[in-house]
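This report covers selected sheets, a helix, a single residue and a cavity. The structure comes first, and the notes follow.

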Amino acid sequence: MTMNRESFAFRHQRSRAAFCPLRAGTAAAVLAFVPSVAAAQEVAGSEGDAIVVSGYRYLSEDTSGTTGLPVPLEKVPQSISLVSKDFLDATDAKSLGDVAQYTPGALFDGNPGGTSSIVKLRGFAAGNAIDGLNVGALDYEPDFATLERLEIVKGPTSVVYGAANPGGIINQVTKGAKPGTPSHIELLGGSWDRWRIEGQAATSLNASGTVNLIGIAVHEEAGSFMERVDSSKTVLYAGIDADLSPGLTGYVHGGYERYRRTSFDGIPTLPDGSPAPVGRSFFIGSGDFDLVTPVVRVNGGLDWEASSALSVSLKVNYLRSNTTGESGYGYDLQPNGDFFIAINNITKSVTQAFSAGLSTVYKFDDLGLTDSFVAVAANYQSYDTKQAGTIPDTPQGDVGNIFDGVDAIEALFNTRTYPGIFDYSLNRRLRYFTLSTQANIKVAEPLTLLAGLSWAKPDVSKQSGTGPWQDFSGDSQTSLRLAATLEPVRGLNFYASYSESFQPQLFIDAAGGVLPPLTGEQYEVGFKYVSPDRRLLLTGAMFDVRQSNQARYDQTIDLIDRYAPIGKVRHRGFELQAVGEIAKGWQVNAGLAILDPTIRRDDDPTLIGKTIAFLPKSSASIYTSYAFGNAFVGGGIRYVDSVKTDIDRATRDLPSYILVDASAGYDFGRFRAQINVKNLFDKRYFVNNYQTLFYGNVVGEPRSVTVSLRANF
């Protein structure tokens, strides 16, 4: 196997800055970028000083921070899935991968190295945003205690963000404080020695309640069903939200987080794609190989209602993380049990992102155009990654045998010596300035037209080792968005839309030329219905997404990987979702997605018409809970279709799976007790990390149980 320095650095960083798929050795790993959505605990009232939590609330509605459209959710001509904090609590969701499995159109695409979940939307890598500003890719799994909601916006978002993948974004809305925000402390224990303590304190700093403070602290430790694997995290978070003057509000949120986890990349498969003949607790690596990621983030904003017609918003984000530690993995398993091992000692993997956005909205109601407006925005993003490491020597050779067992394999990893075979370093730099405008005009009582246009100037470059910086910027780009919404009856909206996307790539071809940027376009038609009491949202969408120039590995020349662009891929499908309260006390979040991803055009005629590998064609989920008196019961089902592992079906498919979850809780006074059981029937299933069987698959988590007790104050 040929492994160049640049590939080794990329293998565990996976080009997290939405720079598209990256190859590790002969593999491709796809990454991305994200959006967000708001939902807080619903507090029914008080008995004396005790706060009584009446039940969960799965629906939250404000998406203007991500879409740039200050209109009700049902009038946004784009598919959006809302994930409230109440839903996250009800399901005991621990990761973005957990969220994806309960979101139609979203796919959990693995967790390379154990650092963070990769999520795809409509088959393409998703992007990441915090409070509506792009932050590039994440090297950690965000703790949901610091979030109010997630917004998962599907389809191109370049008219808002400039550079963006066609799949969409996942936006995290950070938690703020207001009068009446509850304080609480929660204790949780679970399978494999998992335990967690979480505290939240909120208060008003003045009698009028115009200045409010929130603080959150979390510590969690956990083992694993896999031998030698464990993790821990500490989260400290604070925020201040203030009404500064009539019409002017502001906030500052931020904190420090530290994540530690044993590195694990999966178990290689046999050449035909069959799983290795080992139990699901089998581990390849070393229990001493920990990846540690400290994270510092600060974000803030000002919102000014200058008049009934004019509003202005300013937001800024800063995020810095640095992952260090040793990472071991195996690859190329043979029928006799032999496989190669490799180690990456990451001495530096710094991600630093700064983004700022200024936007203004002018409403035309006073001019006789009700529900009409124009929005203008300017966004700047700076994103840098600096990676360095060492590939150590293994004096006993680089071949292990899976039949020797975990102890022998770990001992082989622990024979590594330094300074090593070679050192590597890789730096990437991205700067974007984007100007955009969107006009939303109600031309008649049932019909609204939307038009948007953005212009973005990229400044993208890369440096390998001590070599010169290479420019991958390309030309400035414009992106278009057009949509029409028809509301025949109040609360029911039908829409049709067209939108475009683009994203520069950090790849070169066999001749040394820079690959052209990813370009995409999407056609979408759908409907949205919000019940009169705004407690239930029904959505449906049919889409046709086309992306050109997707990079795929071609060959290695002078130890540098070369790529060729796929002419055009086309992802078609549809999504259905119901979220909210369908009857008093009965909450539901249900979805279905069908995906048809094919290659429509390429220089290689044998690829045309082929189905893209490692994408399930169908997925479905439902989670529902019912509250009666002071108690509630809930349950969920997650289904993922089988996954093709080779474009020509030369290797075995990953089988489909169905996971069943259950939960129950009871409120007594200020306290809530809750139990969650995941994978109730202990289904064995597999998830692939790198879109190749060369490095194998990860076994999904077996049945697990958590019990929690929360006290509200």
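Two strands count as paired if DSSP finds at least two bridges between them. The model discussed here is predicted.

Another open sheet has 3 strands in the order 6-7-8, with antiparallel pairing. Its edges are strand 6 and strand 8 (124-125); each has a single partner strand, so one side of each lacks a neighbour in the sheet.

Strand 7 (residues 119-121) is joined to strand 8 by 2 bridges, again in the antiparallel sense. K120 has A125 of strand 8 as its bridge partner.

## Strand 22 and its partners

Strand 22 (residues 373-393) is mostly covered, with 15 of its 21 residues buried. It runs antiparallel to strand 21, to which 18 bridges join it. The bridge partner of V361 in strand 22 is A375.

Strand 22 also pairs with strand 24 (residues 417-444), in the antiparallel sense and over 20 bridges. T390 stands opposite D423 of strand 24.

## Helix 6

Which residues of helix 6 are buried? In this helix, which spans residues 406-413, they are V406, I409, E410, L412 and F413. Viewed down the axis of helix 6, the buried residues fall within an arc of 155°, so they line one face of the helix. In general, an α-helix has 3.6 residues a turn, so residues three or four places apart point the same way.

The cover over the buried residues of helix 6 includes strand 20 (324-331), strand 21 (338-363) and strand 23 (399-401).

## T539 in strand 30

T539 is located in strand 30, which covers residues 536-557. Is T539 buried or exposed? The cut-off for buried is under 20% relative accessible area. T539 has 11% relative accessibility and therefore counts as buried.

Leaving out residues up to four places away in sequence, T539 touches F527, K528, E575, L576 and Q577.

## Cavities

A search of the whole structure gives 13 cavities of 30 Å³ or more. The second largest cavity holds about 300 Å³ of space. It is lined by 28 residues, of which F108, P616, V640, V643 and Y657 are the closest to its centre.

Two or more lining residues of the second largest cavity come from each of these elements: strand 6 (106-108), strand 32 (586-601), strand 33 (618-628), strand 34 (631-640) and strand 37 (686-688). By class, the lining of the second largest cavity consists of 19 nonpolar, 7 polar and 2 charged residues.

Note on methods: Residues numbered from 1 in each chain as written. Predicted model: local features only at pLDDT ≥ 70, side-chain atom pairs only at ≥ 80, totals over all residues. Heavy atoms only, no water. Buried < 20%, exposed > 50% of the residue type's maximum accessible area, 1.4 Å probe, protein only. Helix = DSSP H or I, 4+ residues; strand = E, 2+ residues; numbered from the N terminus. Arc of directions from axis to C-beta. Contact = heavy atoms within 4.5 Å. 1 Å grid on protein atoms, 1.4 Å probe; cavity = no way out; pocket = protein on both sides within 12 Å on 5 of 7 lines; lining within 4 Å. Points joined across faces, edges and corners; volume = space filled by probe spheres on them. Nonpolar A, V, L, I, M, F, W, Y, C, P; charged D, E, K, R; others polar.
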